[in-house]
Amino acid sequence: MAMWRPSFVALAAAPFLCVAAAIGLVAADQAFPPPLEAGKIVSAEVLDKDDQLLRAFATADGRWRLKTTARDVDPQFVRMLVAYEDQRFWQHKGIDPLALLRAGWQFATHGRIVSGASTLSMQVARLLEPRESRSFVAKLRQLARAIQIERRLSKAEILDLYLTHAPYGGNLEGVRAASLAYFGKEPRRLSVSEAALLVALPQLPEKRRPDRHLKTAEAARKRVLERMAVSAVIGEGEAERAGLVAVPGRRLQLPAFAAHVAEAALRKEPKAIRHQTTLRRPVQKALEAVAKDAAAKLGPRVSIAMVMADARTGEIIGEVGSADYFDASRSGWIDMTRTSRSPGSTLKPFIYGLAFEEGLVAQETIIEDRPADFFGYRPRNFDMTYQGDVSIRQALQLSLNVPAVRLLDAVGPSRMMMRFRRADVRPVLQQNEAPGLAIGLGGLGITLKDLVQLYVALANRGKPMRLGDGIQDQPGQIDGEPVLDPAATWQVSDILSGVLPPAGAVQRGIAYKTGTSYGYRDAWSVGFDGRHVLGVWVGRPDNGAVPGITGYGSAAPILFEGFVKSGLAVTPLPRPPIGAVRLTQAQLPISQRRFSWSAGGLASSAFREAAPQIVYPPEGARVELGVDAAGQPMPLVLKLQGGRAPFRWLANGKPLAETSRRRVNQWVPDGAGYSTLTVIDAAGRATSVRVFLN
């Protein structure tokens, strides 16, 4: 009876002890949770429109660790991995008792470790919390962590952590990084040979690196292929065939495209892991190769920028900010697609478009290309020669300067700038300068992206389209009036499609225009078919001169090669809209057979001067009234073009103090609100603008 009582007490206390032990384990589990947050630290990725990797960024500790899930890898690789590393992975709870018993028995009978007992869950625990030593205590801790991880995560989540964090030598971690580095491809489609190598490397990643220890890597792959469980997965005879495939002996660079777009994406969302862009990797890769090769031919310090856009969606599908991001001699880190430069003659098509729209000219209208003086402004052609009488079509195709300025004088520089605003493009003028005739020949600043955005309207029947930035800013159609009406757009496109391609290039149904800025600092070429627009800039980022560069000789060949190498099928240019026709000289009405500008756009010999036009302040402007140091209103500068001096100004119907022969005047407003400004020239011709003064 005396012995029965203690046994009874122990038996009665056992449930309480079990409950206490369970509570203790739960408390310990909550007090010392596994470091799962470490599993979320991965490389940031910049992806193209189709989720292809454009560029990855190493983690803070310098690791290439690309987030990987089982959906990202070949299913057969997963089966081979489980068969080789952890056959009961889907059944156990973090620890495989049978594997532990087997490993223990082999150690006892052989006196050394023959095979390990680590499950994939235990390996994940070690990857998230690297052990400092291979002690018995460290192993017990790994076992406990594996159980903790199994309590918190599903088997699929545990497998994804392994696929992301498994070591592959050097600073490569994860199956995706390894597959890209050793095979140059994503792991979605792996051969048996490739899968076997990726299964083998994580066990001894440094000693089995194929780029440093090729023979060891081959031997490790062979052991995987010869494992009976693996053979059952891959099928009879596959192991022997896979063993004959050579193991890659070098490490490749991970994809590194669209450097400037990728950097911009990280600046916008520094904490994001995935950055989606509208770029298309095949197009981006091709354009970067074209730019790099062309820059090498053009010489040192010369850089190249390219932007390709889809005219129907507004998406940027290819963007090259420089010839080589890492080339310091070319200032490769500067994104020249967003830098304002002089566009040369690339804006001329819009001058002609306005002239077509107003009915001033037709393609076969004759216009003079002779020396001319526009009230002190004397434009010259690029080659310093003149062609005499030429057709409008010839004048635009040859990019003659004097005819373009004649037309711009007729349609008005301010009006052309207003059309640019319809496309949400605002070129940069010199401070406090009103738009003048020089803007037609490059006398303003514009970025390559904005220039492409303007040309998208030409490829899109005149409808403006806002380009995205390739990252967050959403592209889309701009509501409002067209930049040019469809008929005028077709006339311009028809002329530009007939420009001869550069030497060695084949006409591909592309309409294009070139431009060269003053002093040989910028060479441009912009072209389009019925779907895509490509813009090219060539020059030095420091704005230095590059003797000999021209739009036609330097930028146009890059444009044509870019279209070819992009791999995009050429889309035919839009068909002419109803009413848009190309008439011969004989078919033109008398008023359109020769261009001679005067008031109203009619042929006349009465006046050599164009009618006066107020260029500042422009029609509808909202002007901020300034005050001087004494608090008195500051005068408003008034500017005009054209007309015959002297000029009389009126403000709200009241004449200013005196007439003036200058085209710049001043007026001190008497208060805020709407005001009407009028100027009358010596020939009695008048023009007015209505502005709002704040």
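Six bridges join strand E12 to strand E13 (residues 522-528), and the two run antiparallel. Within this pairing, Tyr512 has Gly527 of E13 as its bridge partner. Helices (H or I, at least four residues) and strands (E, at least two) are DSSP runs numbered from the N terminus, and two strands pair if DSSP finds at least two bridges between them. The model is a predicted one, in which local features need pLDDT of at least 70 and side-chain atom pairs count only at pLDDT 80 or more, while totals for chains, interfaces and linings use all residues. Residues are numbered from 1 along each chain as its sequence is written, and side-chain values use heavy atoms, with hydrogens and water left out.

E12 and E13 belong to an open sheet of five strands, ordered E7-E6-E14-E13-E12 with antiparallel pairing. Strand E7 (316-320) and strand E12 (511-516) are its edges, each pairing on one side only. On average, neighbouring strands of this sheet are turned by 10° against each other, direction ignored. Helix H18 (residues 448-459) lies across E6 (303-310), E7, E12, E13 and E14 (532-539), running at about 150° to E14. Here, axes are lines fitted to C-alpha atoms, for helices over the stretch in contact, with angles from 0 to 180 degrees between N-to-C directions; contact means heavy atoms within 4.5 Å.

Strand E12 also gives the most to the lining of the second largest pocket, with five residues. A pocket is an open set of points on a 1 Å grid over the protein atoms alone, where a 1.4 Å probe fits and protein lies on both sides within 12 Å along at least five of seven lines; lining residues have an atom within 4 Å of a point. The volume is about 1100 Å³, counted as the space filled by probe spheres set on the points, which are joined across faces, edges and corners. Of the 37 lining residues, Ser345, Asn381, Phe382, Ser399 and Asn401 are the closest to the centre.

Turning to helix packing, helix H4 (residues 120-128) and helix H5 (residues 136-152) pack at an angle of about 105°, with their axes 8 Å apart. H4 and H5 are therefore roughly perpendicular to each other (65 to 115 degrees). Residues meeting across this contact include Met122 and Leu128 in H4 and Leu143 and Ile149 in H5.

The axes of helix H8 (residues 192-200) and helix H9 (residues 214-226) come within 8 Å and cross at roughly 105°, which makes H8 roughly perpendicular to H9.

Key:
Angles under 35 degrees count as roughly parallel, over 145 as roughly antiparallel, 65 to 115 as roughly perpendicular and the rest as oblique.
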